[in-house]
Amino acid sequence: IASKHGLVGLTKATALENAEFGITCNAICPGFVFTPLIETQVKDTAKSMKLSYEDAKNELLREKVPSGQACNIEDIGELVLFLVSHYANEMNGGTYTIDGGWTAQ
């Protein structure tokens with residue numbers, strides 16, 4: 001958690017230090033993305049609860065994410081594309097979540 005807060009602080013400092021040059025810096029904070037770490041959690045949950053892989057995946061997501069869905073890598077990519085476009089010229093120092101409602105809990 002401390003490292004994530006550090007990255008948000010670094011994002012804000014970088015945004016402020018470069019704003020006059022037209023350089024923006026923002027942070028994207030995704031929720032569950034099916035990385036090897038999450039895959040391991042799903043397998044461990046399946047084993048400990050004697051569930052199928054799909055049922056364990058749904059259980060893990062339901063427990064953490066109100067939408068019940070993992071973050072889609074393509075959606076994260078689209079946010080990146082938006083933030084580097086001219087439409088986001090004045091979006092600077094922000095933190096943008098794609099987490100299915102996790103942080104709203």
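Me: Before we start, what do the words buried, exposed and partly exposed stand for?
Reply: Buried means under 20% relative accessible area, exposed means over 50%, and partly exposed lies in between (1.4 Å probe, protein chains only). The model is predicted, with local features needing pLDDT of at least 70, side-chain atom pairs counting only at pLDDT 80 or more, and totals for chains, interfaces and linings using all residues. Residues are numbered from 1 along each chain as its sequence is written, and side-chain values use heavy atoms, leaving out hydrogens and water.

Me: Why is Glu-54 called partly exposed?
Reply: Its relative accessible area is 42%, which falls between under 20% and over 50%, so Glu-54 is partly exposed.

Me: What makes Glu-54 and Lys-57 a salt bridge?
Reply: A salt bridge needs a side-chain nitrogen of Lys or Arg within 4 Å of a carboxyl oxygen of Asp or Glu. Here the N to O distance is 3.8 Å, so the pair qualifies. Both residues lie in helix 3, three residues apart.

Me: Why is Arg-62 called exposed?
Reply: Arg-62 has a relative accessible area of 57%, and the cut-off is over 50%, so Arg-62 is exposed. Its side chain meets that of Glu-59 in a salt bridge at 3.7 Å, N to O.

Me: How do you know that the buried residues of helix 2 line one face?
Reply: These residues are Ile-38, Val-42, Thr-45 and Ala-46. Seen down the axis of helix 2, they fall within an arc of 100° (taken from the directions from the helix axis to the C-beta atoms), so they line one face. On the other side, exposed residues include Lys-43 and Lys-47.

How values were computed. Helix = DSSP H or I, 4+ residues; strand = E, 2+ residues; numbered from the N terminus.
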